[in-house]
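Dear colleague,

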Number of protein chains: 2
Amino acid sequence: MVTLKDVAAAAGVSPATASRALSGPTSVATVGRERVLRAAAQLGYRVNPVARALRSGRSGHLGLVLPDLANPFFASIAKGVQARARELGRNVLVADTEEDPLIELDVVTQLREQVDGVILCSPRMPAEHLRTEVGAGRGVLVNRELDGVPSVSVDNADGVRQALEHLRALGHRTVAYAGGPASSWSDARRRDAFGAVDGLTVVDLGPGRPVAARGVAAADLALGSSATAVVAYNDLVAMGVLEQLRTRGVRVPEQMSVIGFDDVPAAALVNPPLTTVALPLRAVGRRAVDLMVAAEAAIQPGAAPAGPTPPAREQLGVELVVRGSTAHASPAARGRE
Amino acid sequence: MVTLKDVAAAAGVSPATASRALSGPTSVATVGRERVLRAAAQLGYRVNPVARALRSGRSGHLGLVLPDLANPFFASIAKGVQARARELGRNVLVADTEEDPLIELDVVTQLREQVDGVILCSPRMPAEHLRTEVGAGRGVLVNRELDGVPSVSVDNADGVRQALEHLRALGHRTVAYAGGPASSWSDARRRDAFGAVDGLTVVDLGPGRPVAARGVAAADLALGSSATAVVAYNDLVAMGVLEQLRTRGVRVPEQMSVIGFDDVPAAALVNPPLTTVALPLRAVGRRAVDLMVAAEAAIQPGAAPAGPTPPAREQLGVELVVRGSTAHASPAARGRE
DNA sequence: GATTGCGGTGAAATCGAATGCATCACGTGG
DNA sequence: CCACGTGATGCATTCGATTTCACCGCAATC
């Protein structure tokens with residue numbers, strides 16, 4: 001392994017000068033710098049990131065903690081994080097918590113020491129832990145907001161608004177909501193938004209796990225109500241709804257409209273293709289990295305007194321993608337009621 | 001930050017002894033060890049992984065390189081890797097190559113210095129690069145085999161065999177194969193296996209990208225042939241096939257049977273539910289970690305001469321999951337021919 | 001009784017890069 | 001002509017844990 005010392009020797013300078021020539025912002029004579037750079041290239045020198053990390057206290061690694069890698073929702077965020085980190089020359093340490101708040105806490109404390117900062121997706125842990133674990137510029141929240149911690153999330157309320165206006169424009173007057181986990185911050189935001197739209201009656205089908213089976217159950221609940229449309233917590237639930245409606249012989253969208261959330265790839269592949277609120281997940285991941293890097297930078301320099309810039313709290317726009325699972329509330333549908 | 005020296009001082013021993021008591025396999029007096037452990041616990045000492053890594057040369061990190069995090073196939077493998085690594089107290093550095101061999105090479109060289117070993121999923125890079133990059137016990141291959149490098153893959157041939165025997169038992173005599181990328185090692189294995197089954201005529205629909213759109217095209221090709229069943233490279237392609245068959249008014253499975261590969265979650269949600277060859281992807285990920293750790297261990301100790309154990313090359317079993325997209329080759333279907 | 005043998009220990013070197021401090025050469029202004 | 005500033009450089013230290021090497025007792029052995 002070729003070290004800085006080797007390069008220095010080859011260039012005929014001291015290791016200190018070589019270090020400065022290669023990475024330091026300090027002044028180095030142009031001629032010497034050239035020699036060092038040439039020597040480094042010739043010997044195939046690559047800085048040892050571990051040594052650098054020990055001395056400087058920063059590893060250049062980012063931590064990414066999420067509930068489930070196999071969930072396309074989080075996989076998309078991870079992909080965005082990954083891509084942006086690569087652009088910035090940083091590596092990503094990923095940890096899957098298997099939706100378990102205990103594992104989450106465990107993983108975060110363990111990860112915190114190995115990385116410069118950690119991006120927490122949809123954290124389940126209580127606010128006070130969250131604050132102590134990722135408090136001082138060491139963390140970014142995704143899909144959750146908390147005073148004093150930078151975060152990036154999607155505009156859940158606007159997503160609900162778009163979905164409901166779409167349905168209202170199609171003549172629907174009663175809409176059922178198949179919600180997500182009670183502990184979900186996003187679900188709470190969406191639930192709030194349902195109350196804010198005039199001219200529509202909302203039937204709450206209660207909370208539930210964000211899986212297809214929950215959608216199956218929700219479909220029957222919806223059929224038992226006067227709703228002519230169902231909005232689901234996410235696409236998986238919506239697909240469960242579609243499946244059960246088919247089983248029950250209820251035609252979608254003729255007799256019942258269905259809207260999902262997330263726009264996972266499979267949403268376009270089911271039958272009928274699912275109308276859904278598309279969330280900019282990749283972008284969420286990318287922004288989270290940017291906020292993280294910015295937060296790091298803010299810690300380092302002259303330590304501007306009293307925190308001049310409050311932690312950023314970003315909200316990204318969402319977009320309703322209309323496909324085949326929504327249509328006019330037809331007389332036939334009304335007749336079923 | 002409390003360091004080893006602090007612990008040593010509190011316990012009244014030298015840092016050397018404290019180190020040995022905490023992590024070294026060397027003998028330490030029981031009484032002294034106890035004192036050190038107690039002091040460490042009391043002070044809330046946590047070893048600095050970076051310092052340890054610098055001295056010992058191993059970071060405890062594993063690298064995971066895969067073509068696309070958002071692809072459920074790789075996400076499942078990643079999940080397995082992640083879970084096993086966590087059990088072993090190791091962290092995972094994930095890198096997404098975006099299906100690009102150049103990025104792949106770049107990422108691997110960059111990652112290699114930060115991790116103890118790297119797990120390469122479905123690597124696209126040429127064999128010689130592969131060997132130099134992950135040669136001496138520094139890498140494990142997934143979904144690709146290469147002399148001298150440990151690997152774990154699935155039994156592609158048996159998957160094809162199971163699928164074809166299923167179809168033959170249902171009375172099918174001509175089967176079309178919608179293959180994957182020409183550069184895919186798995187696809188080559190499967191193609192080989194198609195030739196090995198007697199009593200069936202195979203129609204090769206050619207190679208293609210592993211996306212739904214490719215399935216759409218393949219469906220029309222299949223309809224133009226005398227095939228009564230289509231086996232697709234993966235579930236995504238199979239879903240494309242299903243979609244196009246529906247568009248063309250061909251009923252599945254009555255008029256055409258369809259089989260996928262992978263058994264991604266969405267496979268059970270489409271209509272009809274997809275019969276598919278389930279691959280034990282989580283297990284693949286887990287085994288890859290085990291092989292990696294074993295390979296590391298093999299490097300370290302007495303350096304057994306002439307490499308006593310050849311690199312492990314594991315193959316995990318697959319299982320055909322029969323759902324609703326396959327049925328008897330009916331007279332109606334034959335009539336269509 | 002002298003000599004190995006060995007468990008246990010600490011001082012100090014080591015890993016590789018970054019950096020505070022001192023130094024030196026060269027100019028420029030007084 | 002001297003004092004002082006400035007740019008360039010090297011020495012030595014630092015980061016925190018591991019590990020080599022030497023050493024010290026004490027017990028077993030000849």
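Helices H8(A) and H9(A) are oblique to each other, because their axes cross at roughly 45 degrees; angles under 35 degrees count as roughly parallel, over 145 as roughly antiparallel, 65 to 115 as roughly perpendicular, and the rest as oblique. H8 covers residues 156-169 of chain A and H9 covers residues 185-195 of chain A, and their axes come within 8 Å (axes are lines fitted to C-alpha atoms, for helices over the stretch in contact, with angles running from 0 to 180 degrees between N-to-C directions). Helices (H or I, at least four residues) and strands (E, at least two) are DSSP runs, numbered from the N terminus.

This is a predicted model, in which local features need pLDDT of at least 70 and side-chain atom pairs count only at pLDDT 80 or more, while totals for chains, interfaces and linings use all residues. Residues are numbered from 1 along each chain as its sequence is written, and chains are lettered from A and ligands numbered from 1 in the order in which they are written.

In the contact between these helices (C-beta atoms, placed from the backbone, within 7 Å), Asn156(A), Ala157(A), Val160(A) and Arg161(A) of H8(A) meet residues of H9(A) that include Arg189(A), Asp192(A) and Phe194(A). The residues of this contact divide into four nonpolar, two polar and four charged, where Ala, Val, Leu, Ile, Met, Phe, Trp, Tyr, Cys and Pro count as nonpolar, Asp, Glu, Lys and Arg as charged, and the others, Gly among them, as polar.

As for the two protein chains, their contact takes 31 residues from chain B and 31 residues from chain A. On the side of chain B that touches chain A, H5(B) gives the most, with seven residues, and by class that side has 19 nonpolar, six polar and six charged residues. Strand S2 (residues 91-96) of chain A is joined to S2(B) by three bridges, and the two run antiparallel (strands pair if DSSP finds at least two bridges between them); Val94(A) stands opposite Val92(B).

With kind regards
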